[in-house]
Amino acid sequence: MSLTTPSLSGHLNKWFDSDFNFHHLYPLYIRELAQKHWTPLKVAQKASDFLAAKSGAKILDIGSGPGKFCLSGAYYNPAANFYGIEQRNDLVFYATTAKEMLGLSNVTFIHANLLELDFREYDHFYFFNSFYENLPGTQKIDNKLSYSRSLYNSYNRYLCDQLKKMPAGTRLATYHCSEEEVPGGYHLVGTEIDHLLSFWIKV
Ligand SMILES: C[S@@+](CC[C@H](N)C(=O)[O-])C[C@H]1O[C@@H](n2cnc3c(N)ncnc32)[C@H](O)[C@@H]1O
């Protein structure tokens, strides 16, 4: 067994030994995007531990990319169920392939735009500043989509409206987000990773 391609049989934890190992679940072009666009394992572990506070919780990653947060959350918290919604077909394909390679049953990936989703089907949420690509001067995942400030605003508005409808006790973990992106009613209960990862609970 080489360090870069952990064996599939009996050594699931090898994939989770390091971000480097984990990224070898994906083809090269997705690995090359990882540093900028996908959640590091130690962030995913802290965020998913916070969100999976109760057994059976349904946790949604808002813009799940190739599934790194959901897959690692599902590995670290087997009693919770992780869902990822992602607009890019290729990323959903590689997320699903990685799920099968890891043999995780508590993860589901949905290929859709966030605007089609009712958040009330879920309990708690993870958000890694997913709409930033729409802002001028930011690094893009690819050049297949059209980007605009008006899309950024409408996605953020939808996110806020949906989060506002959630009941008291709803948990939210944000990574690389400013406080303005979180609607009133969500109280900051902690931060980690130099304040880049924030934990919120709706009151
Ligand atoms: C910064 S990446 C984060 C990926 C993943 N959550 C992680 O932490 O590893 C943001 C993802 O959100 C997706 N995204 C952005 N806007 C979206 C929308 N309106 N609907 C669905 N997915 C969206 C992008 O395609 C991208 O894959």
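Which helix does Val43 lie in? I found Val43 in helix α5, residues 41-51; helices (H or I, at least four residues) and strands (E, at least two) are DSSP runs, numbered from the N terminus.

A note on the ground rules. I am working on a predicted model, so local features need pLDDT of at least 70 and side-chain atom pairs count only at pLDDT 80 or more, while totals for chains, interfaces and linings use all residues. Residues are numbered from 1 along each chain as its sequence is written, and side-chain values use heavy atoms, with hydrogens and water left out.

**Val43 and its surroundings**

I looked up the accessibility of Val43 and got 0%, so Val43 counts as buried (under 20% relative accessible area; exposed is over 50%, partly exposed in between, with a 1.4 Å probe and protein chains only). Leaving aside residues up to four places away in sequence, I see Val43 touching Tyr126, Tyr175, Ile193 and Leu197; contact means heavy atoms within 4.5 Å. I also checked Lys58: 15 residues separate it from Val43 in sequence, and the C-alpha atoms are 19 Å apart.

**Nonpolar cores**

For cores I took sets of buried Ala, Val, Leu, Ile, Met, Phe, Trp, Tyr and Cys residues joined through side-chain atoms within 4.5 Å. The largest has 40 residues, and Phe69, Leu71 and Tyr126 have the most contacts inside it. At least two residues of this core come from each of α5, α6 (68-76), α7 (89-102), β3 (107-111), β5 (171-175) and β7 (197-202). Helix α5 gives the most to this core, six residues. Apart from this core I noted another, of 24 residues, including Leu60, Ile62, Ile85 and Phe131.

I then listed the partners of Tyr126, again not counting residues up to four places away in sequence; among them are Val43, Phe69, Ala173 and Tyr175.

**Aromatic pairs**

I paired rings of Phe, Tyr and Trp (its six-membered ring) with centres within 6.5 Å, calling planes under 30 degrees apart stacked, over 60 edge-to-face and the rest tilted. By this rule I have 16 aromatic pairs. Phe16 and Phe22 make a tilted pair, because their ring centres are 5.5 Å apart and their planes stand at 55°. Phe16 and Tyr75 are stacked, at 3.8 Å centre to centre with 5° between the planes. This pair links distant parts of the chain, 59 residues apart: Phe16 is in the loop between α1 (12-15) and α2 (19-23), and Tyr75 is in helix α6.

Is Tyr75 buried or partly exposed? Its relative accessibility is 25%, so I put Tyr75 down as partly exposed, whereas Phe16, at 8%, counts as buried. Phe16, Phe22, Tyr26, Tyr75 and Tyr76 form one aromatic cluster.

**Helix α6**

I went along α6 next and found the helix mostly covered, with seven of its nine residues buried. Among these buried residues are Lys68, Phe69, Cys70 and Leu71.

**Largest pocket**

A pocket here is an open set of points on a 1 Å grid over the protein atoms alone, where a 1.4 Å probe fits, with protein on both sides within 12 Å along at least five of seven lines; lining residues have an atom within 4 Å of a point. I counted 33 lining residues for the largest pocket, with Gly63, Ser64, Glu86, Gln87 and Ser130 nearest its centre. The lining takes at least two residues from each of β1 (58-62), α6, β2 (81-86) and α8 (149-164).
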